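Here's a quick briefing to read with the model open in your viewer.

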Amino acid sequence: MKATPRWLIQAYNGSLRLFPVRFQEEYGDEMKIVFAEAYREAADISPRSGWMLALRELRDLPGNLIREHLANLKKGMLLAPPGPTQSLPRSALRGALVFGITFSLFYLVFCLLDILLNAGKSMYAGNSVWGVVIYIDWIPLAIGIGVAWLGMPAGKRRVWVPGLAIALGLFLFYRLLAPVFTPIYDSLIHDESIRIFMISLIVIQEALVGVIVGGALAWIQRAGKKWGWYGLAGALGFNLGWLTKALLGGAIMFQAHWMDGVVIGSPWYFAYWLAETIPHGLVIGACLGLAMGRRGEKVPAAATT
Amino acid sequence: MDQTTDIQENLPLTETIFFLLLSLASGPRHGYAIFKDVQELSGGRVVLSTGTLYGAIKRLVEQGWIERFEEQLPPTGDPVPDESGRPRKEYRLTGLGRRIFDADYARLQSLVAAVQLRSAGEQA
């Protein structure tokens, strides 16, 4: 029987270190033994069989890593059902993480796209992809995915359906409202005397979005009569989120001497969008998580097979 | 929600999970035995990587469909060491795992019966 090459064992052991620590501790030793035995047996049949086995491990590695890290993340966030005093902070933290991560991932995708198309230009040049997508496309998508993700503890296997519905609903919502709100914003933005009125329009718009998103979460969570809390949390979260990002984004812009000073791909560019997106997601998620915590968290259902 | 509903919600099983439970249906096995058995039972069609195998085992243990225990020598009850010197682990079906496997087996049988019924009707 042929021995497994040392370098292959070392490469395999190295790949195991990429798995979550808990998974490594629990199954790592067994996996090493199974791999070594399987390789020896395959290599005895033919060298090609041995290579095929190693390549199969390599092929499946990325998918397995993603699955285990996601399961680990989910478990970490849901582990130990919270007591009455811990329920609200824990659920708020979970919500903040979910929306914070989702928003920042979308931010990253569009940043990369923007850099590819417009690197070196000023944001003020007006041809940034953000001019097209911001508020219209990526936020609904991020919210849809966030809602689906946050709804998973309810144990609904098809929780992505309302998530997708939210994404599409908000996409249409922003699209439909854009022709109504944009001219009003444009006409008011240079008029100091009625800037307060403009802000109140934003408050109304964000509150509407928040009620839609909170309502969807309530439906996913089967919150029954408590849906009002979800709607309220959504309205509050979207307004606070908007306020937070406006203040932080404004502060960064001030430091960078406004849009002329922000070159696409520069540190100020990243700082600006980081300040605008991540706190936005964190605040919205925390508020929605608080509504979920009021109702008590559900134990996650059996993982999908 | 009654137990029947719980079981039905987990069906149909994926091919990997079905073969894994089938492998354990005849008795406890350790990881490598499951690895080989799944390959044989599927006629070489389902060949798992170790990451996929242990990812599935982990989920099944967490869900309570299978359980993990230390293999013991029959007369003494001493643990059987593996290559690293640690007690070798084996896996076996739990009552819940057996019921879920049986339910999926019955579902597959009913599908086959339906196909046979239709084929017989067409031939008549």
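A:Leu117 sits in helix α4 of chain A, which covers residues 87-118. With a relative accessible area of 53%, A:Leu117 counts as exposed, because the cut-off for that class is over 50%. Keep in mind that this is a predicted model. Chain A and chain B share an interface that buries about 2700 Å², and the rule finds four salt bridges across it.

- A:Asn64 is in another helix of chain A, namely α3.
- Is A:Asn64 buried or exposed? A:Asn64 is buried, since its relative accessibility is 4% and the limit for buried is under 20%.
- If you skip neighbours within four places in sequence, A:Asn64 is in contact with A:Phe19 from its own chain, plus B:Ser49, B:Gly51 and B:Thr52.

**Where the two chains meet**

- Chain A puts 28 residues into the contact and chain B puts in 30 residues.
- Of the roughly 2700 Å² buried between them, 48% is on carbon and sulfur atoms.
- The rule also picks out 12 residue pairs in polar contact across the interface, with both partners at pLDDT 80 or more.
- On the chain A side, α2 (21-45) and α3 (47-78) each supply at least two of the residues that touch chain B.
- Which element gives the largest share of that side? That would be α2(A), with 13 residues.
- Sorted by type, the chain A residues that touch chain B come to 12 nonpolar, three polar and 13 charged.

**Salt bridges between the chains**

- Side chains of opposite charge can pair when their charged atoms come close.
- A:Glu30 and B:Arg68 make one such pair, with 2.3 Å between the closest N and O atoms.
- Four residues, A:Arg67, A:Glu68, B:Lys58 and B:Glu62, are linked in a network of salt bridges.
- Over all chains, the rule counts 12 salt bridges.

**Salt bridges inside chain B**

- B:Glu67 and B:Arg92 join up through their side chains, at 2.9 Å from N to O.
- That pair ties together distant parts of the chain: B:Glu67 is in strand β1 (residues 66-70), B:Arg92 is in strand β2 (residues 89-93), and the two are 25 residues apart.
- B:Glu67 is partly exposed at 32% relative accessible area, and B:Arg92 is also partly exposed, at 32%.
- B:Asp104 bridges to B:Arg107, with the closest N and O atoms 2.7 Å apart.
- How are B:Asp104 and B:Arg107 placed in helix α5? They are three residues apart in that helix (residues 95-123), so about one helical turn separates them.
- B:Asp104 is buried at 1% relative accessibility, while B:Arg107 is partly exposed at 27%.
- B:Arg29 and B:Asp37 form a salt bridge too, and there the closest N and O atoms are 3.3 Å apart.
- In that pair, B:Arg29 is partly exposed at 23% relative accessibility, whereas B:Asp37 is buried at 12%.

**The nonpolar cores**

- The largest nonpolar core has 44 residues, and B:Leu21, B:Tyr54 and B:Ile57 touch the most other members.
- What does B:Ile57 touch, not counting residues up to four places away in sequence? The list is A:Tyr27, B:Leu20, B:Ile34, B:Ile66 and B:Tyr91.
- There's a second, separate core of 24 residues, and its members include A:Ile166, A:Ala216, A:Leu217 and A:Ala233.

Terms used
Residues numbered from 1 in each chain as written. Chains lettered and ligands numbered in written order. Predicted model: local features only at pLDDT ≥ 70, side-chain atom pairs only at ≥ 80, totals over all residues. Heavy atoms only, no water. Contact = heavy atoms within 4.5 Å. Buried area = accessible area lost by both parts, 1.4 Å probe. Polar contact = N/O pair within 3.5 Å; in protein donor to acceptor, adjacent residues only side chain to side chain. Helix = DSSP H or I, 4+ residues; strand = E, 2+ residues; numbered from the N terminus. Nonpolar A, V, L, I, M, F, W, Y, C, P; charged D, E, K, R; others polar. Buried < 20%, exposed > 50% of the residue type's maximum accessible area, 1.4 Å probe, protein only. Core = buried A, V, L, I, M, F, W, Y, C linked by side-chain atoms within 4.5 Å.
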